[in-house]
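Here is a friendly tour of the salt bridges in this chain. Have a look at the sequence and the model, then read on.

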Amino acid sequence: MLETLHRIVQAVNSAPDLESALQIIVSRVKKAMGADVVSVYLTDFESHEHVLQATDGLLPEAVGEVRLPLYQGLIGLVCERAEPVNISDAHSHPRYLFVHETGEKRYHGFLGVPIIQNRKVLGVLVARQLEQRSFADQEVTFLFTLAAQLAGAITHARTSGELASMQGTQEVMARYFEGRAGATGVALGKGVVAYPPADLNAVPDRPNEDPEAEAVVFVAAVANVSAEIQALCRRIGGSLPAEDRALFDAWLMMLDSDTLVTGTLERIRAGGWAPGALRATVEEHAQVFDAMEDVYLRERASDVRDLGRRILMHLQNQNSSTPEYPEQTVLVGEDVSAMQLAEVPRERLAGVVSASGSSFSHVAILARAMGVPAVMGVVGLPVARMDGLRLILDGYRGRVYASPPESVRAEYERVAAEDREISAELEALRSLPCETLDKVAVPLYLNTGLVLEASLVDDDEVAGVGLYRTELLFMVRDRFPGEEVQMRSYRRVLETFAPRPVTMRTLDIGGDKPLPYFPVNESNPFLGWRGIRISLDHPEIFLTQVRALLRAAEGLHNLRLLLPMISTLAELYDAKVLIRRAYDELVEEGHAVRMPPLGVMIEVPALIYQADALARRVDFLSIGTNDLTQYLLAVDRNNARVAGIYDDMHPAVLGAVHLLVKVGKERKCEVSVCGEMAGNPTAAVLLLGMGVDSLSMSAGSLLRVKRVIRSFEQRQAEELLEDALGCEDAAMVHALMQQTLEQMGLGGLIRPGK
Ligand code: PEP
Ligand code: MG
């Protein structure tokens with residue numbers, strides 16, 4: 001049964017559309033279970049009915065026609081209970097409903113399982129038998145697993161409008177893909193799909209301009225792969241047994257045969273570009289192997305895919321000129337990286353959409369820093385089909401519209417115009433101080449480092465840099481940067497802001513920030529080797545960086561040093577020893593360095609309970625609410641599936657930050673917040689109520705935060721904080737804050753339009 005399940009799942013995954021996927025399921029399941037009828041009913045949420053959407057056993061003409069009230073009959077019972085219903089004699093069940101339009105006979109055996117996504121019943125998968133039959137446990141779980149597989153495809157068909165046309169319903173509203181708000185603002189532009197090199201699945205469909213030239217490029221790539229395999233065979237073939245050597249021959253034969261080459265060339269001649277044509281051909285052939293009974297032959301599917309990747313790599317090398325970005329580029333990808341975003345010329349970049357990730361992923365942080373709207377974690381986004389499409393991105397609500405109707409377009413053009421008006425109004429705040437109505441000053445600092453140095457802002461607005469992430473300098477190279485390179489880079493930043501303080505955080509790699517030349521393969525990277533843990537295990541890396549930092553500040557003396565991911569006092573102690581060593585060495589070498597103020601990032605919840613001990617040992621505490629929220633709520637900050645639970649307005653997070661600020665005050669140790677929370681105008685009011693010493697945020701958030709702070713009195717913020725801390729969940733806090741800001745005429749800062 002497992003084997004059958006595996007094959008059905010594969011066939012469903014590669015079906016071109018929902019209709020075919022459903023048909024595959026009903027006919028294969030019927031055969032596998034020996035049932036008389038297998039059908040799928042899908043929920044039409046507008047008419048509150050179940051629509052028979054596929055069947056093997058009932059009248060084919062009933063498909064799309066027969067509609068059942070949502071909660072009636074046995075199908076309705078499955079939907080109501082949201083769990084499997086397994087009845088051996090359905091006919092005698094009080095909820096039995098005879099539907100003669102389907103050509104129904106008097107079926108007895110009934111097994112229905114709900115198709116659920118995000119707690120919502122999207123439909124029912126049902127097997128029926130003429131005789132009495134109680135389906136076995138194994139059969140229940142079999143259907144269950146398939147239903148779970150189907151849920152994703154149905155959600156996708158629903159958002160793309162495919163389901164509406166299958167069900168013949170009017171599209172009463174424009175469909176959109178739902179994700180998480182990544183960076184506020186709206187964007188109207190054209191989709192450009194970003195995909196990782198040699199990732200065949202991620203290659204989008206694009207047209208070619210010259211089929212003959214494209215074909216030549218493709219044939220050359222195949223020839224290169226062929227030469228590579230022959231060389232490989234010569235090099236290691238001699239030491240292999242004959243049956244393994246045959247593998248090389250098989251690959252060469254595949255490369256030579258109709259399998260890959262002819263199919264791809266046909267697609268190229270039909271107008272597709274080579275990588276897209278290759279992807280489609282490889283998938284088509286791999287699926288043929290996938291469907292084979294013979295395990296050995298099935299394995300050939302991975303050979304086909306592997307060859308496809310190799311050819312793609314060569315194609316990409318030949319096409320390695322920078323992709324063309326249209327004006328108003330909306331960058332779309334399965335998992336857009338900060339690097340890919342940085343590659344798009346700023347003047348052409350309108351927005352970014354990532355199928356995975358959350359608003360706390362680094363790409364979203366970068367988007368905010370650049371003032372570019374972003375939508376993250378759009379589960380089920382058909383990325384490969386987004387290239388060249390007109391897209392609208394709503395970075396406030398986390399929505400993406402593909403080829404939207406004119407009415408939606410007009411509405412968003414209006415919102416964009418209002419947003420521009422708000423931005424112009426905010427500009428007027430530039431030279432004004434960031435203080436409350438009753439003149440309590442809240443210094444605003446800049447988070448930077450993720451933006452390439454060339455685009456560093458020299459912003460007089462800010463009191464300094466509250467968080468300089470040093471990772472980028474390490475990420476854009478093919479090896480660790482040396483002391484000189486680092487020193488020059490840090491010095492430029494320190495000079496730009498001098499005499500204002502610049503808080504530089506030592507290397508915080510690991511987690512979602514890997515270095516290409518220092519792979520850390522862990523099953524749980526956010527709980528693994530990251531931040532200070534790596535620095536302490538590799539003192540040579542840490543010492544080089546600290547030396548570079550101290551030297552960079554010579555004569556400027558505006559450096560503050562910040563340690564990431566500290567989880568024990570011992571780590572702080574060890575880091576201090578190394579910093580002292582770097583300092584002593586430099587003094588000995590004749591450098592006029594000074595010991596900079598030292599701070600610790602509070603990202604690990606354990607430190608909430610050791611804040612007092614820490615505050616006595618450092619000059620300042622900087623609360624990294626991005627990670628603190630992740631660890632407090634046990635929610636991966638990049639996982640789109642659980643992004644709904646990740647919320648830095650959770651009363652527990654507010655309580656933790658409040659506690660830390662209180663300890664800081666008692667110990668006269670400065671406390672700032674440098675996580676994304678600080679740049680959220682709503683949260684900033686609550687942080688003001690806590691009495692936090694300063695806020696550090698992306699450049700794009702500065703004016704919005706200044707606007708809210710200038711609208712409140714300290715006491716008012718304190719009262720709001722008290723109410724927020726009394727809330728039982730994040731939703732209540734959001735509602736409270738939203739209502740308050742709307743009443744004060746500040747709603748335009750947190751939602752689209754004025
Ligand atoms: C944080 O965790 O809040 C933080 C500022 O660090 P990063 O986002 O770089 O992990
Ligand atoms: Mg962090």
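## A buried pair

Arg547 and Glu483 are both buried, where buried means under 20% relative accessible area, exposed over 50% and partly exposed in between (1.4 Å probe, protein chains only). This is a predicted model: local features need pLDDT of at least 70, side-chain atom pairs count only at pLDDT 80 or more, and totals for chains, interfaces and linings use all residues. Residues are numbered from 1 along each chain as its sequence is written, chains are lettered from A and ligands numbered from 1 in the order in which they are written, and side-chain values use heavy atoms, leaving out hydrogens and water.

Arg547 and Glu483 form a salt bridge, with their closest N and O atoms 2.7 Å apart; the term stands for a side-chain nitrogen of Lys or Arg within 4 Å of a carboxyl oxygen of Asp or Glu. The pair links distant parts of the chain, 64 residues apart: Arg547 sits in helix H17 (residues 539–552) and Glu483 in helix H15 (residues 483–497). Helices (H or I, at least four residues) and strands (E, at least two) are DSSP runs, numbered from the N terminus.

## Two partners for Asp627

Asp627 meets Arg530 in a salt bridge (3.1 Å, N to O). Arg530 lies in the loop between strand S17 (502–505) and helix H16 (532–537), and Asp627 in helix H20 (residues 625–632), 97 residues away. Arg530 counts as buried because its relative accessibility is 1%, and Asp627 does so at 3%.

Asp627 also forms a salt bridge with Arg637, at 2.9 Å between the closest N and O atoms. Arg637 is in the loop between H20 and helix H21 (651–666), ten residues from Asp627. Arg637 is buried too.

## The wider picture

How many salt bridges does the structure hold? There are 40 salt bridges.
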